[in-house]
Amino acid sequence: MIAVALLLTGAVAGILGALLGLGGGIFLVPALTLLFGLPIHVAIGTSLVGVIATSAGVAAIAPRGRGADVPLALRLEVLTAAGAIAGGLLSGVVSAQVLSVLFALVVFGTAGYLFYKARRRARADTPERLFYANYRLHHWPAGMAVSSLAGMVSGLLGVGGGFIKVPVMYAIMGAPLGVATATSNFMVGITAAASVFVYYGRGDIHPLVVIPTALGVFGGAMLGVYILPRLRVAWIRLGLIGLLVIMGLQMLARGLNL
Amino acid sequence: MQEPEDDLETKMRTISLAISLISLGLMGFGLADVLLHGASLSLPGMAALSPLILKTGQIPLGLAAMSAGIVLLSLLPIVRVLLALSLYVQSRQLLNLLVALLVFIELLVSARIGT
């Protein structure tokens, strides 16, 4: 029964992760700690394997022309990974409260910018497409700067950072939303791989928890890829804004000790 | 003839599917074996085995299979970066090659710092 519950939890995380380009860790860690009473390190270790499973599931069945923009992902990942390493090293120096408030401000700013873009888009005559070829990327310096911040936040706070990467690629750099989510899924897999072996070596990877969860996540991610083209961009964008607001409030509450 | 990006996308999909299925198969087999041998399902249960211990062969088959599956799945993103690297070498895309190499080195550095 517990295995089935873990499988279903993983499936929900996989679907949402594939739809929003997040990897699903944001949902898995709270679910595993609050619903299953697991220690936080076990939850994070399980979540990291789950993020890799989401990334794998999306990559395995993405239709031609709907996969990640690999050159874009790798260019952004150079600074994201460097930021993650720097963040990991800095984590013992900067207070968690300061970091949480900083994190919340970044998240609220991103949500506000997305909302502004959504309102502008709503006035346009043509509906927005999830995927299209020959898009032109711009604002590279701003995109890379925010990506390195996302990496630093990942290293400092132990989250994947996909919820920053998608808005960066979509709202700042001008990638189509479908491309941004697929590329983010590719990137969060790399980021998770950088830290999963640390948790493995510490003994925080427990197969009886990880395996049902990973199986659910993988299946859920494949289902997410299947339903993604059938959803309207506006719905996905609304989900992303809602998620950012929830995350921002959580981080603000943590930072202000509320 | 396929463009390098199309070729990369095809190979990434094939490798991702193959490694995922093998690793999930190993995990599923291991889980079934452990449960058939009467393991308790109380959480969090036993920890995965170190890859170094896996080499010795003196461990239960189910636990070894589960641990190997988890390690294999965890290596997939690194394999994908290596795949991009090899394709950029073949197609002589120097800037992309340099970027992929940097990411690969950073992954190695972060793993080294982590351990």
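## A loop residue of chain A

In chain A, A:Leu35 is located in the loop that connects helix H2 (25-34) to helix H3 (40-61). The model is predicted. A:Leu35 has 11 other C-beta atoms within 10 Å, and because a residue counts as exposed at 12 or fewer, A:Leu35 is exposed.

The C-alpha atom of A:Leu35 lies 9.8 Å from that of A:Leu6, although 29 residues separate the two along the chain.

Two packed helices are described by the angle between their axes and the distance between the axes. Helix H1 (residues 2-20) of chain A packs with H2(A) at an angle of about 160 degrees, and their axes are 9 Å apart. Angles over 145 degrees count as roughly antiparallel, and H1(A) and H2(A) are therefore roughly antiparallel to each other. Their crossing is right-handed. On H1(A), the contact is made by A:Thr9, A:Val12, A:Ala13 and A:Leu16, while H2(A) provides A:Phe27, A:Leu28 and A:Ala31. By class, this contact of H1(A) with H2(A) has 6 nonpolar residues, 1 polar residue and no charged residues.

H1(A) also packs with H3(A): their axes come within 10 Å and cross at roughly 55 degrees. H1(A) and H3(A) are therefore oblique to each other, and their crossing is right-handed. From H1(A), A:Gly10, A:Ala13, A:Gly14, A:Gly17 and A:Ala18 meet A:Gly50, A:Thr54, A:Gly57 and A:Val58 of H3(A). The contact of H1(A) with H3(A) has 3 nonpolar and 6 polar residues, with no charged ones.

## Packing of H7(A) with H8(A)

Helix H7 (residues 162-172) of chain A and H8(A) pack at an angle of about 140 degrees, and the distance between their axes is 9 Å. H7(A) and H8(A) are therefore oblique to each other, with a right-handed crossing. In this pair, A:Gly162, A:Lys165, A:Val166, A:Met169 and A:Tyr170 of H7(A) meet residues of H8(A), including A:Leu177, A:Ala180 and A:Met187. The residues of the contact of H7(A) with H8(A) comprise 7 nonpolar, 4 polar and 1 charged.

## The largest nonpolar core

The largest nonpolar core has 115 residues, of which A:Val49, A:Ile52, A:Ala53, A:Ala214, A:Phe218 and B:Val103 touch the most other members. Helix H8 (residues 177-202) of chain A gives the most to this core, contributing 14 residues.

Residues up to four places away in sequence aside, A:Val49 touches A:Val196, A:Ile205, A:Val210 and A:Ala214 in chain A, together with B:Ile70, B:Leu73 and B:Ser74 in chain B.

Chain B has 4 helices and 0 strands, and its elements run α-α-α-α from the N terminus on. Of the 115 residues in chain B, 35% are buried. Among contacts in chain B between residues at least 6 apart in sequence, 64% join residues at least 24 apart.

Between the chains, 42 residues of chain B are in contact with 48 residues of chain A. On the chain B side, the elements that give two or more residues are helix H1 (4-36), helix H3 (61-90) and helix H4 (94-114). By class, the side of chain B that touches chain A comprises 28 nonpolar, 11 polar and 3 charged residues.

Technical notes:
Residues are numbered from 1 along each chain as its sequence is written. Chains are lettered from A and ligands numbered from 1 in the order in which they are written. This is a predicted model: local features need pLDDT of at least 70, side-chain atom pairs count only at pLDDT 80 or more; totals for chains, interfaces and linings use all residues. A residue is buried if 20 or more other C-beta atoms lie within 10 Å of its own, exposed if 12 or fewer, and partly exposed in between; C-beta atoms are placed from the backbone. A nonpolar core is a set of buried Ala, Val, Leu, Ile, Met, Phe, Trp, Tyr and Cys residues joined through C-beta atoms within 7 Å. Two residues are in contact if their C-beta atoms, placed from the backbone, lie within 7 Å. Ala, Val, Leu, Ile, Met, Phe, Trp, Tyr, Cys and Pro count as nonpolar, Asp, Glu, Lys and Arg as charged, and the others, Gly among them, as polar. Axes are lines fitted to C-alpha atoms, for helices over the stretch in contact, and angles run from 0 to 180 degrees between N-to-C directions. Angles under 35 degrees count as roughly parallel, over 145 as roughly antiparallel, 65 to 115 as roughly perpendicular and the rest as oblique. A crossing is left-handed if the near helix is turned anticlockwise from the far one by less than a right angle, and right-handed if clockwise.
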